[in-house]
Amino acid sequence: MTYARDAWYVAGWSHELEPQTPFAITILDERIVLWRTPTGALHALEDRCVHRLAPLSLGRCEGEALRCGYHGLLFDGSGKCIAIPGQETIPPQARVRRYPAIERHSWIWVWMGDPARADEDLVPPAVGLDDPDYILGHGHLDYAAQARLICDNLLDFSHLTFVHAQSFGAGSEFADTPARITPLPRGIRYERWIENSLGSSSRMSATPMDSYMAYDFLVPGVLLMKGGTFAPGTATRCGYGAPDYAGATGGVTFTSQAVTPMTGDTARYFFSWGPHRAHGDAALRDTLMDIAGRAFAEDKTMIEAQQRVIAATPDPAVMPTVHDKAVILYNRLVERLARQPQPA
């Protein structure tokens, strides 16, 4: 499957990268080692020593450098070998690839394309765990499935009616009517109003309400979703556009999610979710995370089964439906970005 390389991919949670401890991750079939130095600098290098191809992630951090744990070659943050035990001359080819890496929104992001095009303004505007407005839980899941299948799942919410009838308590509206889909320069925007509803398992109400949810799905596979409940008639007054969240009656939450392709048929799915502080507390966060845990397990079961069918099907092809507008627009964007030439 096709993925854009000129993009920032989530490699892990910032707080899980222990100081002076190498951390290994595979992204787009490329082995990467990350480490944070005593001065706080973040480095990402090819996880493959130039000497005998041992993983540098099994080495040790020494000051601002990383030493291979096999024969002791020492590499600086640029990927250059700066010392070889017992050898004075260091060959110019003794270096490994460096990847641009930054920390933002509680995630570590790695740029997988041309380093000269690494633009920090292209980091998707997720909400970090330290955001003052939200009380967020977090986690990740590993999938035995291609990342694009997870992205397709997040781009077509008509599956909520069927896959998540028990966990999210999603009604028939998600399958009965298409959402409003708007193309964005680096993704798509999904918007949906559900009028006069008593809510779902995450937003229950004793009286009818208008429920709004919207998300941006951005390259390379990042979902940023906000939602809330409003007094009946709000959807009409807003012209079915975005509401003013200051007028929400409850249920205001935010979730940041990221899909990272590891190998051709494995992926890591990062997520956070929780209420706005004006509409919930840590107990509600824990309730939402319990619901999410059940729902994401339902997704994982379905998508991994889908992957097995695809793997066993000669020349697999899909038949789009009316709900695939976001899937088609997003995948066309990815394919266009993927055609950008990369350095040899």
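The structure is a predicted model, in which local features need a pLDDT of at least 70 and side-chain atom pairs count only at pLDDT 80 or more, while totals for chains, interfaces and linings use all residues. Residues are numbered from 1 along each chain as its sequence is written, and side-chain values use heavy atoms, with hydrogens and water left out.

The protein chain has six helices and 17 strands, where helices (H or I, at least four residues) and strands (E, at least two) are DSSP runs, numbered from the N terminus. For 344 residues, a compact globule would have a radius of gyration near 20 Å, and the value of 22 Å for the protein chain agrees with this; the radius is taken over C-alpha atoms, and the globule rule is 2.2 Å times the number of residues to the power 0.38. The C-alpha trace spans about 75 × 50 × 30 Å along its principal axes. Contacts (heavy atoms within 4.5 Å) were also examined by their separation along the chain: among those between residues at least 6 apart in sequence, 58% join residues at least 24 apart.

Of the 344 residues, 50% count as buried, a term that means under 20% relative accessible area, whereas exposed means over 50% and partly exposed lies in between (1.4 Å probe, protein chains only). The protein chain exposes about 15900 Å², of which carbon and sulfur atoms supply 54%; accessible areas come from the Shrake-Rupley method with a 1.4 Å probe, and for residues only the protein chains shown count as cover. The mean positions of the 31 positive and 39 negative charges are 4 Å apart. In this count Lys and Arg are positive and Asp and Glu negative, while His and the chain ends are not counted, and the place of a charge is taken as NZ of Lys, CZ of Arg, CG of Asp or CD of Glu.

Helix H1, which comprises residues 147–155, is mostly covered, with eight of its nine residues buried. Among these buried residues are Ala147, Leu149, Ile150 and Cys151, and Asp152 and Asn153 are also included.

The structure holds 19 aromatic pairs. Rings of Phe, Tyr and Trp (its six-membered ring) pair if their centres lie within 6.5 Å, and planes under 30 degrees apart count as stacked, over 60 as edge-to-face and the rest as tilted. Tyr134 and Phe254 form a tilted pair, at 5.7 Å centre to centre and with 55 degrees between the planes. Because Tyr134 lies in the loop between strand S10 (107–111) and strand S11 (137–143) and Phe254 in strand S16 (residues 250–263), this pair ties together parts that are 120 residues apart in sequence. Tyr134 counts as buried at 6% relative accessibility, and Phe254 is buried with a relative accessible area of 11%. The pair of Tyr269 and Phe271 is likewise tilted, because the ring centres are 5.7 Å apart and the planes stand at 50 degrees; both Tyr269 and Phe271 are buried. Ring pairs also link Trp13, Trp107, Trp109 and Phe270 into a cluster.

Some features of the backbone were found in loops. The peptide bond from Val219 to Pro220 is cis, with omega near 10 degrees, and Pro220 is placed in the loop between strand S14 (209–218) and strand S15 (222–230). Leu28, although not a glycine, has a positive phi of about 50 degrees, and its place is in the loop between strand S2 (23–27) and strand S3 (30–36). Asp29, also not a glycine, has a positive phi of about 65 degrees and lies in the loop between S2 and S3. Leu28 counts as buried at 10% relative accessibility, whereas Asp29 counts as exposed at 52%.

Trp111 lies in strand S10 and is buried, with a relative accessible area of 1%. Not counting residues up to four places away in sequence, Trp111 touches several residues, including Asp6, Trp8, Tyr99, Arg117 and Leu122. The C-alpha atoms of Trp111 and Phe162, which are 51 residues apart along the chain, are separated by 36 Å. Tyr245 is placed in the loop between helix H4 (234–237) and S16, and its contacts, leaving aside neighbours within four places in sequence, include Tyr212, Lys226, Phe230 and Val252. Tyr245 and Ala118 are 127 residues apart in sequence and 34 Å apart in space, C-alpha to C-alpha.
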